[in-house]
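Let's take a walk through this structure together. Have the sequence and the 3D view open side by side, and we'll go from a sheet to the cores.

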Amino acid sequence: MTRWGMVIDLEKCTGCQACTTACQMENARLPGEMWQDVLFYSEGEYPSGKLSWLPRPCMHCENPSCVAVCPTRATYKTEDGVVLIDWERCIGCKYCMIACPYGVRFYAEEKQKTQPDIRKVFPAKGDKVWDPPYKMPEHMQNPKWGVGIQPKNVVSKCTFCYHRVSQAPKGTVDLNPDDPKLRPYTPACVVTCAPSARYFGDLDNPSSEVRQLIATKRGTRLLDQTGNRPQVYYLAGEAPAIPETRSVRSGRKA
Amino acid sequence: MTATAMDRSPAPLLAYDAKPDPISALLMLLGAAGAGLGLAFVFYALLVDGHAAFNTSSDMAWGSPIAFYLFFLLTSSGLSIVASLDTVFGLRVFHPVAKRCVWMSIVALVAGFSVLALEIGRPFRMLWALPVGMQFHSPMWWMGVFYSLDLALLCAKFWLMHTRRWHAPGTHGLSVLSFVISILAPGTLGLVFGMMAMRPAWYSPIMPMYFILTGFVGALAFVLFFTAVLPNQRRKPNEALFDVLLPRLFFVSLLAVIGMRFGQIVTTLWSNYEGMEAHWLSLDSALFKIEILVGLALPALLTATNGMRANRALVMLAGFAYLIGNFFGRLELLINGQKVPLFKGYWAGYVDYWPSLTEWMLVPAGIGIYLFLYGAGEWLLRLAEAEPRQGRTS
C-alpha cells in the first residue's frame, strides 16, 4: 500500500510563499488560515543578523497525536497515510489543535485579521463558512475528507490535496509535477513550487524519489522527540540546523 | 427546613406549597437575572457573529469558556468528595452537609455543562459522535464518559437521600461508585491537559492531583460561603462542623494547594524548555497576581489561627477569596499553555488573549444557573435534611 509523504529541500526553497498562495486558492482558505505556510526566523543583529525560513504544511504524522485525542474519531488516518478530518463528524472541541505539535490546524470561527471580513463579502447560504467566487468544482469537494468549502464550527487542515492525490493511478510511486499525466494528481503546493523544492511520493517504496532523497541527503523530521514521526521530511543540506524551534524568544538574561 | 434528625415518614417530593425563605428567594432572583442576562447576550452574539464573538483564535484555541467550565466541574467533583466523607467513609460529623453537597455538586455540573455547550462548535453532534467514536485513546472521550456517569450517579444518590432511602439496598455501593467517579472525572480532566507533551506549560503528571485537590478546596469554600449566607445552618448541634472542622480542613487543604502551586512555580520558572517561558510572562499578569494574592495568600492569612477560623465572617470571606482566585487561576492556566505559539515563526510573537465581552457574559450565565438551581433546591428540596440517627450503621 502506498504511504504518501513529502520532502522539502530547504537549500532550494526561496521562501517565496507561492506554495502558501497555491494552497489558499486550491482549498479556498480564509486570509490567515494558512494550511501551508512559510515561517520566518531571524537571529542576531546587524551586521551578523541572519534570516531563515521554513515551509510548513501538515506533517501527516505516522503516529498523529491529533488522531489519538479526537474524541469522535473525526480526525483519522487513511490507508495511504494521509491525516484527514471528517467535517460531518467534527464537534469543534479543538482538542486536536491543542495536541498538534506543529500548529497546523485552524478554526474559521474567529475574528478576521484582515478587513473587510471576507466571509461577509462572500456570504454562504446554509451551513458553509463562506462562498468564494473561485472554488473547486462541486464534485471534487468531500466533507468526509475535509476538502472543499468547509461548514461552520469545525476544524480544518492541509489534506495533502487529497482530492488530487487519491485519484492518482494505482501503483504511482512519484507524483512528479513535471509529468503532464501526473500533474493533476499532485498537491497544489508541489505543482506551483518554482524552484522545485518539493517532492511527493511513496515513502514505503525504496525506489521512490522521496525515499532516495531522504536516504542520500539526510532527510530530517521536525520535533522527532515527540514520537509523532512526520511524513514530511526536510533536507537541510550544508545548513547547520533546521530552524525548528517553535519559541519566539531570543534568549533570557541570566 | 431544619438540620435535625427526622422520622422515616414519607415526605413530599417538592415543598412547593411553602414560601421560599428570603435568602433562597434572593439567590433565585439573582440567579435568574444573571442567567437571563448572560444567556440572552451570549445567544444573541453567537447568532450574529458565531464563535467569532469570542476572542479565541487558531493560536489560542481554548479560551475563557473552558476555564469557567473547569471551575464548575472541578468544584462539583470536590463537593461530591465532601459528601462522600459522610456517605462513603462514615465520618458522621459531615452528615449535616452531605445532602446539600450532593445537590450543589449536581448544580455545578449543570452550570459547567451549560457553559461548555456554548463553547463547543457543534454541541448536539456530541450526543451521537462521542458514543459512536469510542476513541479510547482520547482523555477527552474518557472525560465525557466519567462526567456523564458522575451526573447520573449524583442524581441517583440525591434521589435516594431525598426519598429517605439512606439504607436501601445498594445505597452504600452507589455512594462508593459515585465517589470513585468523582475522583476519576477530575483526574481525567487533569489528563486532558497534563498529557499534552507538546504543551510544556501544561505537561505534568501532577495535573490530575492538582485538579482534584484544588476542586476539593473549592468545594469547602463553596460550603463555607453558602452555609454562611444561610444562618439557619449554623445551629448549635452543627457548631463543631461549621466553626471548627470545616474551616480547619479548608486551611490544611489550602496549605497543600499552596505547597503544590509553589512547587509548580519554582519548577516552571527554572526550566529553559521551549514553551515554559509562558510562566515567566505570566508573572506580570493580573490573573497570576489575583490567583496568588487573593486566591491563596489572603484566605490562608484569614484562617491562620483557631480564633480566626472560629470567626464566621472571616471564614466566609476566606472561602469567597479562594473562589475568586481559583476562578482567575483557571483562566491563567488556560492561557499559559497556549501563550507560546506552535510553529508560527519568530515574527508571530507571543499569543495575546483577553476574553471578549461575550465570553465574560458566560460568567453571569454560569453563576446565574448555579445560584438559581441552588436557591430552588434550598427552597424545594429539604437540603438541610439528615437521616434518622438510629438507622446509621457506619
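Before pairing anything up, a working rule: two strands count as paired if DSSP finds at least two bridges between them. Keep in mind, too, that this is a predicted model.

Now for the sheet in chain A. Three strands make up an open sheet, in the order β8-β1-β9, with mixed pairing. At the edges stand β8 and β9 of chain A, each with a single partner strand, so one side of each has no neighbour in the sheet. From one strand to the next, the twist averages 20 degrees.

How do the strands run relative to β1(A), parallel or antiparallel? Strand β8 (residues 198-202) of chain A is antiparallel to β1(A), and five bridges join the two. Strand β9 (residues 232-235) of chain A runs parallel to β1(A), with four bridges between them.

In β8(A), A:R198 stands opposite A:I8, while in β9(A) the residue opposite A:I8 is A:Y234. If you step back to A:M6, you'll find that its bridge partner in β8(A) is A:F200.

Next, look at where the side chains go. In a regular strand, side chains alternate between the two faces of the sheet. In β1(A), A:W4, A:M6 and A:I8 point one way, whereas A:G5, A:V7 and A:D9 point the other way, and all of them are buried. Because six of the six residues of strand β1 (residues 4-9) of chain A are buried, the strand is largely enclosed by the rest of the structure.

Helix α7 (residues 209-216) of chain A lies across β1, β8 and β9 of chain A, and runs at about 115 degrees to β8(A).

In soluble globular proteins, nonpolar side chains tend to be buried together. The largest nonpolar core here has 163 residues, and the ones with the most contacts inside it are B:W62, B:L189, B:F193 and B:Y370. Helix α7 (residues 207-228) of chain B gives the most to this core, at 15 residues. Another core, of eight residues, lies apart from it, and includes A:V7, A:L203, A:V210 and A:L235.

For a close-up, pick B:Y370. Leaving out residues up to four places away in sequence, B:Y370 touches B:F72, B:M104, B:V107, B:A108, B:A111, B:F222 and B:F226.

Key. Residues numbered from 1 in each chain as written. Chains lettered and ligands numbered in written order. Predicted model: local features only at pLDDT ≥ 70, side-chain atom pairs only at ≥ 80, totals over all residues. Heavy atoms only, no water. Buried < 20%, exposed > 50% of the residue type's maximum accessible area, 1.4 Å probe, protein only. Core = buried A, V, L, I, M, F, W, Y, C linked by side-chain atoms within 4.5 Å. Contact = heavy atoms within 4.5 Å. Axes fitted to C-alpha atoms, helices over the stretch in contact; angles between N-to-C directions.
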